[in-house]
Amino acid sequence: MPSDLLVEGALLDADGGRAGYALFRQGNLAETGVLGTASPGRGVRRIRGIVVPSPVNGHTHLGDAVATREPPHTPIAEIVRPPDGYKFKLLQETPAPAKRRAMRAALERMAREGVYATLDFREEGVPGVEMLRAAARGLPIRAVALGRPLRRPLEAPEVEALLDVADGIGLSAIGEEPRSVRAEVAAACRRRGKRYALHASESHREDPAEYLDPRPDLLVHLAEATPADLSEVARAEVTVAVCPRSNALFGRRPDLGEFARRGVRTILGTDNAMFHSPSIWRELEFAYVTGRLMKRPVPAEFLFRAAFVEPYRWLGEPDRARLAPGSPVQPLVFRLPPDDPEYQIVTRATAQLMVRPGTAGQVR
Ligand SMILES: [Zn+2]
């Protein structure tokens, strides 16, 4: 039987940070309120800390978790370009059970670290998505699968079969996928009420007139986008997943402060599991610290929203980013000083500082 828990300190969610308390009964959020007004009764454990919703990992390629060695020192394109880049050869050579195990281990890690969902680009067609679904079975984390059809030119039956099992389609970039392919994929996704996503301006600048046509539901990277490009993306109200650690590995430095100033709807992802652990906590700290390093600081509040608020807007489930009794997402509790809670969560949160409100307090 889990004991009841009173957290006094700060509540931080879609409405911002505020002093307050959260009372968990049987592991579930039962009550929130103004600091100093809680009357929890006897036998309740009390701690000081910060309460947040569960974060979302905004961009992964979990299939890449089969690679466990130092990534080669080559340009990113040589590694990830379909159909014959290093990662695609590796995926081809690895038996399905090994890939499934690697994906499951990555998902388990994210679940342990309190992540509610991951938006995963799953290559390898229909079998690739089915592999991810099998890997995620029974785990307390939601895998949003953006699959990728194998055949070019596209074949409608494959695209339809993919949309039967996936949440949408995630393509490489305009250099690999001509407009005709993008248009057909976008139209098929729209018809089926699913999402169309695309990488853009990762290692060199691409023209927003191209990658915004047809309009994607999600862009990934924009590391080489100009400020004017970012304004155009913001005007189109297209959400962008940024992956600063992955970009850094190949010498790219997205200016997230500029994303914030231009009003780009931004979410944060950990990208290829062959480059980095899928830890949203490491990504948050890295994003903040490298902004200071580059003398292009990014507000902690912006990064907080990129991991905890904007993904839920993208999923069409904004209430999951609010701390409220009966909320559909289990909140996380961190033993951290409650002053300046955005800064604390972005730069100092780790899974080791997470307190589970009770055995029923697993995510989801
Ligand atoms: Zn990617």
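A: Two strands pair if DSSP finds at least two bridges between them. Strands (E, at least two residues) and helices (H or I, at least four) are DSSP runs numbered from the N terminus. The model is predicted, so local features need pLDDT of at least 70 and side-chain atom pairs pLDDT 80 or more, while totals for chains, interfaces and linings use all residues. Residue numbers start from 1 along each chain as its sequence is written.

Q: In which sense do strand β6 and strand β7 pair, and over how many bridges?

A: Strands of a sheet pair through backbone hydrogen bonds, either parallel or antiparallel. Here β6 (residues 117-122) and β7 (residues 142-147) pair in the parallel sense, over 6 bridges. Within this pairing, Thr-118 has Ala-143 of β7 as its bridge partner.

Q: In what order do the strands of the 9-stranded open sheet follow one another?

A: The order is β12-β11-β10-β9-β8-β7-β6-β5-β13, with parallel pairing. At the edges stand β12 (266-268) and β13 (271-272), each of which pairs on one side only.

Q: How many residues of strand β5 are buried?

A: A residue is buried if 20 or more other C-beta atoms lie within 10 Å of its own, exposed if 12 or fewer, and partly exposed in between. In β5 (residues 56-61), 6 of the 6 residues are buried, so the strand is largely enclosed by the rest of the structure. β5 pairs in the parallel sense with β6 over 3 bridges, where Thr-60 has Asp-120 of β6 as its bridge partner. β5 also runs parallel to β13, the two being joined by 2 bridges; there His-61 stands opposite Asn-272.

Q: What pairing does the open sheet of 6 strands have?

A: Its pairing is mixed, and its order is β3-β2-β1-β4-β14-β15. The edge strands, each pairing on one side only, are β3 (28-33) and β15 (354-355). Inside this order, β1 (residues 5-13) and β4 (residues 45-52) pair in the parallel sense over 7 bridges, with Leu-11 opposite Val-51 of β4.

Q: At what angle do helix α3 and helix α4 pack, and how far apart are their axes?

A: Two packed helices are described by the angle between their axes and the distance between the axes. For α3 (residues 96-112) and α4 (residues 125-136) the angle is about 50 degrees and the axes are 8 Å apart. Axes are fitted to C-alpha atoms, for helices over the stretch in contact, and angles run from 0 to 180 degrees between N-to-C directions. Angles under 35 degrees count as roughly parallel, over 145 as roughly antiparallel, 65 to 115 as roughly perpendicular and the rest as oblique. α3 and α4 are therefore oblique to each other.

Q: Which residues of α3 and α4 meet?

A: Contact requires C-beta atoms, placed from the backbone, within 7 Å. Ala-96, Lys-99, Arg-100, Met-103, Arg-104 and Leu-107 of α3 meet Met-131, Leu-132, Ala-134, Ala-135 and Ala-136 of α4. One of these, Ala-134, counts as partly exposed because it has 13 C-beta neighbours inside 10 Å. Ala-134 and Arg-104 are 30 residues apart in sequence and 8.6 Å apart in space, C-alpha to C-alpha. On the sheet side, α4 lies across β6 and β7, running at about 175 degrees to β7.

Q: How are helix α11 and helix α12 oriented to each other?

A: The axes of α11 (residues 280-293) and α12 (residues 300-308) come within 10 Å and cross at roughly 155 degrees. The two helices are therefore roughly antiparallel to each other. Ile-280, Leu-284, Ala-287 and Tyr-288 of α11 make the contact with Ala-300, Leu-303 and Ala-307 of α12.

Notes:
Two residues are in contact if their C-beta atoms, placed from the backbone, lie within 7 Å.
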